[in-house]
Amino acid sequence: MTLSTIYVDADACPVKPEAARVAERHGLVIVYVSNGGLRPSRDPMVRHVVVPGTADAADDWIVENAVAGDIAITADVPLAARLVEMDVHVLGPSGRPFTPETIGMAVAMRNLKQDLRESGEIKGYNPGFTARDRSDFLQALDRTVRRALKENRD
């Protein structure tokens, strides 16, 4: 049995501490991938990977290192789509799962909103991150970890 690894697209992730708590509770390695600026941890189960500041460098690193059964946390829909294709369990920071059944609509909505922002039809504001989002994320990540561990056992 191999244990899953949790990969966090960390540059703008609002739930890094929550992800670390869930990883610790389940004894999983957590890997924060960013362009820098993260405080190192002394915990041997916490790893930091700093990638060059080029576009998609963090995304590419996660895709190159994640394997089926791992878990990823990202708000980046194109990255989520790449990972879903690899059978990686993917969650957004609000706890929204990206699955083979939902990723197509997520990509379509992302593209539509990008087109509307570029044409000036809508403003580029995202809603604020709430305590409810944080709670939903914690519950969703715990469920996802338990499912991944069960799948890896079977």
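The legends below describe several close-up views of one chain in a predicted model.

Residues are numbered from 1 along each chain as its sequence is written. Because the model is predicted, local features are given only at pLDDT of at least 70 and side-chain atom pairs only at pLDDT 80 or more, whereas totals for chains, interfaces and linings use all residues, and side-chain values rest on heavy atoms, with hydrogens and water left out.

**View 1. The whole chain and its elements.**
The chain holds 5 helices and 6 strands, where helices (H or I, at least four residues) and strands (E, at least two) are DSSP runs numbered from the N terminus. Read from the N terminus on, the elements follow the order β-α-β-β-α-β-α-β-β-α-α. Of the 154 residues, 40% count as buried; buried means under 20% relative accessible area, exposed means over 50%, and partly exposed lies in between, with a 1.4 Å probe and protein chains only. The chain exposes about 9,000 Å², of which carbon and sulfur atoms supply 52%, and these accessible areas come from the Shrake-Rupley method with a 1.4 Å probe, where for residues only the protein chains shown count as cover. Among contacts (heavy atoms within 4.5 Å) with a separation of 6 or more, residues 24 or more positions apart account for 51%.

**View 2**
Strand β1 (residues 5–9) runs parallel to β4 (residues 71–73), and 3 bridges join the two. Within this pair, Val8 has Ile73 in β4 as its bridge partner.

**View 2. Strand β2 and its partners.**
Strand β2 runs parallel to β1, to which it is joined by 5 bridges, and Ile6 has Ile30 in β2 as its bridge partner. With β3, strand β2 again pairs in the parallel sense, over 5 bridges, and here Ser34 stands opposite Val50 in β3. Strand β2 is mostly covered, since 6 of its 6 residues are buried. Both of its faces are covered, with Val29, Val31 and Val33 buried on one side and Ile30, Tyr32 and Ser34 buried on the other. Together β1, helix α1 (residues 16–26) and β2 make a right-handed β-α-β unit; a crossover is right-handed if, with the strands pointing away from the viewer, the path from the first strand over the helix to the second runs clockwise.

Asp59 counts as buried at 7% relative accessibility. Leaving aside neighbours within four places in sequence, Asp59 is in contact with Asp9, Asp76, Leu79 and Arg82. Asp59 and Ser34 are 25 residues apart in sequence and 9.2 Å apart in space, C-alpha to C-alpha.

**View 3. Asp142 in helix α5.**
Asp142 is found in helix α5 (residues 131–153) and is buried, with a relative accessible area of 14%. Leaving aside neighbours within four places in sequence, Asp142 is in contact with Val22, Arg25 and His26. The side chains of Asp142 and Arg25 are joined by a polar contact of 3.3 Å; a polar contact is a pair of N or O atoms within 3.5 Å, and within protein one must be able to donate a hydrogen and the other to accept it, while residues adjacent in sequence count only if both atoms are side-chain atoms.

**View 4. Two loop residues with positive phi.**
Most residues other than glycine have a negative phi. Asp56, found in the loop between β3 and α2, has a positive phi near 65°, and Asp56 is partly exposed, with a relative accessible area of 44%. Asp87, found in the loop between α3 and β5 (89–91), also has a positive phi near 65°, and Asp87 is exposed, with a relative accessible area of 55%.

Terms used:
Pairing = 2+ DSSP bridges.
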